[in-house]
Amino acid sequence: MNDLLQLCVHDLEVLVLTGIYSEETDLPQPLRISVTVDLDAPDRFEPETPLSASKNYMDLKHAATAALPPGLHFKLVEAVADHIAETLLFGDRRVARVEVAIVKLALSEADESIGIRRVRHRR
């Protein structure tokens, strides 16, 4: 079994234009977005290993926030997840797999998590 490096940014709350119903199409909806990336990395990180040997996890946050095009309406949250995954896969050849989980906070009535999980692999 190979060792694995996963970078994680979880529970970002982001306002995104998404939805198919008339009450959803004019105003951004609050989403809770979590991103996990499997990264090709060295076998070992020594204390003096530079950041360039890994990946800045702020890149994950950027993909789930600022890299979402402002004003673009995504009918499905699945399309939001694909945009985030593609941003990370195309942005760094070392990214082997991206997992994006999205919870639609506006649907929650009793703190349940209603949403999707999308996994994309480098091909």
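How many residues does helix α2 have, and how far does it reach from its first C-alpha to its last?

## Helix α2

In this predicted model, α2 covers residues 77-91 and has 15 residues. The distance from its first C-alpha to its last is 21 Å, close to the 21 Å expected at 1.5 Å a residue.

The buried residues of α2 are Val77, Val80, Ala81, Asp82, Ile84, Ala85, Leu88 and Leu89. These buried residues pack against the strands β1 (5-16), β2 (29-39), β3 (95-104) and β4 (115-121), and also against helix α1 (58-64).

## The sheet

Four strands form an open sheet in the order β1-β2-β3-β4, and their pairing is antiparallel. At the edges lie β1 and β4, each of which pairs on one side only. With direction ignored, neighbouring strands are turned against each other by 15° on average.

Between β2 and β3 there are nine bridges in the antiparallel sense. Ile33 has its bridge partner, Ile102, in β3. Helix α2 packs on this sheet and touches β1, β2, β3 and β4, with a direction that makes about 150° with that of β3.

## The nonpolar core

In soluble globular proteins, nonpolar side chains tend to be buried together. Here the largest nonpolar core has 26 residues. Those with the most contacts inside this core are Ile33, Val35, Ile84, Leu88, Val98, Val100 and Ile102. Two or more residues come from each of β1, β2, α1, α2 and β3. Helix α2 gives the most, with seven residues.

## Pro69 in the loop

Pro69 is located in the loop between α1 and α2. Is Pro69 buried, partly exposed or exposed, at 31% relative accessibility? Pro69 counts as partly exposed because its value of 31% falls between the limits of 20% for buried and 50% for exposed.

Not counting residues up to four places away in sequence, Pro69 touches Phe74 and His83. Leu39 is 30 residues from Pro69 along the chain, and the C-alpha atoms of the two are separated by 25 Å.

Definitions and conventions. Residues are numbered from 1 along each chain as its sequence is written. This is a predicted model: local features need pLDDT of at least 70, side-chain atom pairs count only at pLDDT 80 or more; totals for chains, interfaces and linings use all residues. Side-chain values use heavy atoms; hydrogens and water are left out. The expected span of a helix is 1.5 Å times one less than its number of residues. Buried means under 20% relative accessible area, exposed over 50%, partly exposed in between (1.4 Å probe, protein chains only). Contact means heavy atoms within 4.5 Å. Two strands pair if DSSP finds at least two bridges between them. Axes are lines fitted to C-alpha atoms, for helices over the stretch in contact, and angles run from 0 to 180 degrees between N-to-C directions. A nonpolar core is a set of buried Ala, Val, Leu, Ile, Met, Phe, Trp, Tyr and Cys residues joined through side-chain atoms within 4.5 Å.
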